[in-house]
Amino acid sequence: MGITLYTSRVILETLGVEDYGIYNVIGSLVSMFGILNASMTAASQRYITISLGKNNSLELQKIFSISLLIHIVIGIVSVALVETVGIWFLYNRMTIPIERIDAVFWVLQCSAFSLFVSIISVPYNALIIAHEKMSAFAYISILEAVLKLCVIYILLIIPYDKLIVYSFLLLLVQISIRSCYSLYCSRHFAESKYKLSRDFVLMREMLHFAGWNMFGGLSGIAFGQGLSMLLNVFFGPVVNAARGIAQQVQSAIQVFITNFQTAINPQIIKCYANNDNSQMHLLMERSSRFSFYLMWLLSLPIILETPFVLNIWLTVVPNDTSVFIRIALATTLIYTIINPILTANNATGKVRSYYLICGFLMISILPISYIVLSFGAPAYSVFIVHFCVEAFTQIVRLLMVRKRLHLSIKRYFKNVYLPIFLVATLSFIIPYLTSVNMSESISRFFIVCTTSVISVCVVSFVFGFSSQERDYIILMVRKQINRFQK
């Protein structure tokens with residue numbers, strides 16, 4: 001997370017606001033063509049984890065081989081779409097300075113092949129996560145961050161077009177990380193050896209699951225990457241730079257939470273496979289609450305001190321960046337709560353109605369944002385639209401899965417939303433009063449950070465944890481104290 005935030009600052013300073021905005025909008029364009037991959041990622045995770053939970057090694061190898069084959073085909077199709085539709089869109093619809101068109105073309109090429117490498121890595125990632133080898137997952141992720149830091153150093157000293165060089169170096173990083181995942185799996189998991197399978201029934205079942213998941217993925221494109229296109233059309237690449245910075249902050253924090261949930265998700269899926277609903281519900285509730293507390297712990301000082309952080313972090317701060325970051329973090333906070341529900345619903349394999357309804361609701365963000373911007377609303381209005389639709393969709397999601405997961409809405413509100421509301425409200429008071437009653441300075445920043453951490457930790461412990469969880473924490477603290485005293 002620290003490396004991500006640091007590299008964002010240096011990249012913006014090195015590339016400049018315009019080139020940084022161009023890189024982000026090209027990344028958004030290429031990601032749109034990765035929708036097929038997004039749909040199969042959830043399918044691979046679900047089927048690999050379910051078969052592992054059933055301890056069926058033959059089925060596991062069959063699922064991995066089918067998944068890898070499908071992802072290779074998806075990768076080829078995605079690159080073909082970028083090389084045809086993507087290039088047409090680049091030359092005919094995007095707002096790009098004429099002198100940067102050639103550089104943008106090569107950025108598009110590097111991004112397309114980076115997408116291909118990322119797509120064929122999915123089955124290997126799914127295998128590592130399903131086996132719950134989180135140490136390997138963590139070490140490879142750290143290696144990726146370090147390599148990206150090296151890219152920044154090379155970018156500072158190389159004399160060529162920095163936008164092209166940056167894209168090419170990131171492609172090399174992607175290839176290196178893909179090789180690490182493949183090598184680890186081949187050495188530790190026998191089922192990672194590809195073996196041609198003719199089980200067309202299983203392939204059709206996985207594609208059916210992925211097909212409806214794809215519709216859900218389309219909503220992600222609409223409110224995520226599609227909004228980048230929309231902002232580019234209305235405001236140009238400078239606003240894309242502001243949104244890119246907001247996404248960097250959002251992603252840096254969200255990766256921390258995503259990795260936390262990644263460690264829990266296989267257990268949720270395995271509990272469903274073993275028909276252990278009570279344990280599954282408990283894991284879902286804890287994942288929702290703990291994820292929110294962690295996200296709030298990291299987000300609160302940033303939300304209160306956004307302008308100061310940006311001025312220290314960046315040499316050039318594009319307009320609207322502060323408000324983009326604040327609304328984006330608020331949206332991520334509420335999405336963090338519902339993500340374990342999505343994992344449990346995917347475990348059932350019954351996703352058609354879920355993705356159909358929720359997908360339509362999320363896709364509505366794009367036309368609503370277009371209408372709002374057409375009436376002259378500021379750029380940050382699209383973030384507000386996203387937040388409102390996400391909040392409404394979260395209610396719909398809970399109502400849809402309650403019977404399928406045998407979930408009590410009343411219990412979920414009592415065990416998840418009520419403690420989250422208390423923690424967020426009570427822990428906000430002291431840091432907020434500190435922020436508004438002191439002039440902006442480095443002292444205020446550290447005081448706000450300190451009071452935020454203490455407030456969130458204390459309030460979470462008192463109001464956010466159950467009595468059993470508090471007893472467990474106290475027991476673990478005592479064990480650590482006794483260990484150091486020996």
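Predicted model: local features only at pLDDT ≥ 70, side-chain atom pairs only at ≥ 80, totals over all residues.
Q: Is Glu-469 buried or exposed, and why?
A: Glu-469 counts as buried because its relative accessibility is 7%, under the 20% cut-off. Arg-286, at 29%, counts as partly exposed.

Q: What else forms a salt bridge with Glu-469?
A: Arg-289 does, and the closest N and O atoms are 2.7 Å apart. That pair also links distant parts of the chain, with Arg-289 in helix H10 and Glu-469 in helix H18, 180 residues apart.

Q: And how accessible is Arg-289?
A: Arg-289 has a relative accessible area of 6%, so it is buried.

Q: Switching topic, what does Glu-305 pair with?
A: Glu-305 and Arg-444 meet through their side chains in a salt bridge, 3.0 Å from N to O. Glu-305 lies in the loop between H10 and helix H11 (306-313), while Arg-444 belongs to helix H17 (residues 442-464), 139 residues apart.

Q: Are they buried or exposed?
A: Glu-305 is buried, with a relative accessible area of 0%, and Arg-444 is buried too, at 9% relative accessibility.

Q: Which residues do shared partners join into one network?
A: Arg-286, Arg-289 and Glu-469.

Q: Last one: how many salt bridges does the count come to?
A: The count is six.

How values were computed:
Residues numbered from 1 in each chain as written. Heavy atoms only, no water. Salt bridge = Lys/Arg side-chain N within 4 Å of Asp/Glu carboxyl O. Buried < 20%, exposed > 50% of the residue type's maximum accessible area, 1.4 Å probe, protein only. Helix = DSSP H or I, 4+ residues; strand = E, 2+ residues; numbered from the N terminus.
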